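Colleague: I'd like a close look at a single part of this one. Could you pick a hairpin and walk me through it, then say what else is worth checking around it?

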Amino acid sequence: MNSYKKIAIGIVALVVLWHLVVAMTNQITVCGLFLSKPADPGYGWADSGNADARFFWQITGVKWLAGIKHPEFNAETTPTQGDWKPLPGYQFTDQAKGLETHWEAGLLHSDYMAWSDEVEGKWIPVTGYRFVYQGDTFIESVWDPGKRYDDLKVISLPEKDQYKPFAGYTFLEPGQSLKVVWTPGLVNSDNPRLIAGTKEGTWKVNHTPSRRSGEVPWVVKKIAERVIIHAF
């Protein structure tokens, strides 16, 4: 019986000693019986790349890890030690004062082609893309060709990240934005017998040949051909 008592006393003494050792270090903290974890947010075990709790005999050194979520704020670590960035959809309220964040609509996701919605935690796919869901959570964004966007007056093309305007419209800033403008006199790309009228959305019969939406004018073509010939 005395031997059991000595063993029990030894175990208790070991636990107390270990807790005292942990209490004297600023790198790890006790999180349960014989369990510990890195003390500061952003740090993990040097041999595993995570900050999961582990038994004291498994303890190794700790190091700063990129991509670790803060336990209190909507922020995660960057590769630079001590540096944090807001999670997708969030912005720092005042980084000089702390890591408090707020949700902001219209931010592009760092991993997916998606914009943050007005509602916190909600996302909408970038024009031309659609979400692939697993349950209620989207896990991927993929290109969705041939989809019409009536509000923007554009259609996604088979080629990724390529669009064309609705008939009668041309891009206002080609290659820079999806803004379109109604262009009177433009041949209807769906029905060449019609051309865009003066008023947006109106059409009239095409009695004379005219260029179609997106077609390069003849003069521009000739200039380009001369430049190419001259280059060779």
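Predicted model: local features only at pLDDT ≥ 70, side-chain atom pairs only at ≥ 80, totals over all residues.

Modeller: The part I'd pick is made by β12, residues 129-134, and β13, residues 137-143; the two strands run antiparallel and are joined by six bridges. Across the pair, Tyr 133 stands opposite Phe 138 of β13. Two residues sit between the strands, and Gly 135 in that turn has a positive phi of about 70°.

Most residues other than glycine have a negative phi, so the next two deserve a glance. Lys 153 has a phi near 65° and belongs to the loop between β14 (148-149) and β15 (154-156). Its relative accessibility is 25%, so Lys 153 counts as partly exposed. Asp 161, with a positive phi of about 65°, is in the loop between β15 and β16 (163-165). Asp 161 is partly exposed too, because its relative accessible area is 37%.

Trp 115 comes from strand β10, residues 114-116, and at 33% relative accessibility it counts as partly exposed.

As for confidence, the chain's average pLDDT is 81, and 71% of the residues score at least 70. Residues 216-232 fall below 50, and that stretch has two contacts in the model beyond near neighbours in sequence.

Terms used. Residues numbered from 1 in each chain as written. Heavy atoms only, no water. Pairing = 2+ DSSP bridges. Helix = DSSP H or I, 4+ residues; strand = E, 2+ residues; numbered from the N terminus. pLDDT = per-residue confidence, 0-100. Contact = heavy atoms within 4.5 Å. Buried < 20%, exposed > 50% of the residue type's maximum accessible area, 1.4 Å probe, protein only.
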